[in-house]
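These are my notebook entries on one chain, set down in the order in which I looked things up.

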Amino acid sequence: MTKDEFKKVALGGLTNNPVFVLVLGMCPTIAKSDNIMNALSLGLCTAFVLIFSNLIISLLRKIIPDKVHLPAYIIIIASLVTLVQMVVSSFLPSLNDSIGAFISLITVNCIILGRAEAFAGKNKVLPSIIDGISMGLGFVVSITLLGAVRQGLTLLFGKGFFDATAGGFVILGLMMAAFNAVYSLVKAKTEKRKLLNGRA
């Protein structure tokens, strides 16, 4: 893996943020970002499954037949989700009451299955782990920021809109617009700087 390739994979969670750019995993992102604790907890559970599913799928990528690779990926992901569910229900019952149903849905989260299909199933172990960490952190940061904003607005204006699904969509849309505007500006400045350095 070259330095440029490493940088591209490591920054994937920012440049291709799963929530603000790829718009994946919207169901749990909206449903459980009504407060910081739920958002962070679900984000960490998802990141754990993403990292280790990438690791296992990358290790088995040459063994799993092409015809059954998708069912095999789902079985691997479902096994990791079951492990997370067992740990949470056994040691964190209050958290399980809050996000338990959505932990089960991690199995069909488009972020995890998407990275398995697009990256881990085609790349070596180390890049796949880095991709999992990058995308996992990208999801954790995104959903936690969304949870923080929604919780803050709910405390400020009271319950009713910002902690409801409609409010979640509105806030997410505004945050996506802000993220992409800032990212586009930074990208343009970076490319301009490279162009000027190339002429020097």
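Predicted model: local features only at pLDDT ≥ 70, side-chain atom pairs only at ≥ 80, totals over all residues.

Which residues does T154 touch, not counting residues up to four places away in sequence? I found K159, F162 and D163, where contact means heavy atoms within 4.5 Å. Residues are numbered from 1 along each chain as its sequence is written, and side-chain values use heavy atoms, with hydrogens and water left out.

T154 has its place in helix α8, helices being DSSP runs of H or I with at least four residues, and strands runs of E with at least two, numbered from the N terminus. I noted a relative accessibility of 11% for T154, so T154 counts as buried; buried means under 20% relative accessible area, exposed over 50%, and partly exposed in between, with a 1.4 Å probe and protein chains only.

M135 also lies in helix α8, and because its relative accessibility is 2%, M135 counts as buried. Leaving aside neighbours within four places in sequence, I listed the contacts of M135 as G12, G13, N16, P18, L50 and R115. I also checked M135 against N17, which is 118 residues away along the chain, and found their C-alpha atoms separated by 7.0 Å.

**Entry: α6 and its cover**

In helix α6, which runs over residues 93-104, I marked L95, I99, G100, F102 and I103 as buried. The cover over the buried residues of α6 includes α3 (26-31), α4 (36-59) and α5 (69-91).

**Entry: a loop residue**

V23 lies in the loop between α2 and α3. I looked up its phi and found V23 near 55 degrees, a positive value in a residue other than glycine. V23 has 37% relative accessibility and therefore counts as partly exposed.

**Entry: the largest pocket**

I then turned to the largest pocket, whose volume is about 770 Å³. Of the 25 residues that line the largest pocket, D4, K7, K8, L11 and T15 are the closest to its centre. For the terms, I worked on a 1 Å grid over the protein atoms alone, where a pocket is an open set of points with protein on both sides within 12 Å along at least five of seven lines, a 1.4 Å probe is used, and lining residues have an atom within 4 Å of a point.

At least two lining residues each come from α1 (3-10), α2 (12-15), α7 (110-120), α8 (125-157) and α9 (165-199), and α9 gives the largest share, 7 residues. By type, I divided the lining into 10 nonpolar, 5 polar and 10 charged residues.

**Entry: the whole chain**

The chain has 9 helices and 0 strands. Its radius of gyration is 18 Å, close to the 16 Å that the globule rule gives for 200 residues, so the chain is as compact as a globular protein of that length; the radius is taken over C-alpha atoms, and the rule is 2.2 Å times the number of residues to the power 0.38. Along its principal axes, the C-alpha trace spans about 55 × 45 × 25 Å.

Of the 200 residues, 40% count as buried. Among contacts between residues at least 6 apart in sequence, I noted that 76% join residues at least 24 apart.

Terms used. Points joined across faces, edges and corners; volume = space filled by probe spheres on them. Nonpolar A, V, L, I, M, F, W, Y, C, P; charged D, E, K, R; others polar.
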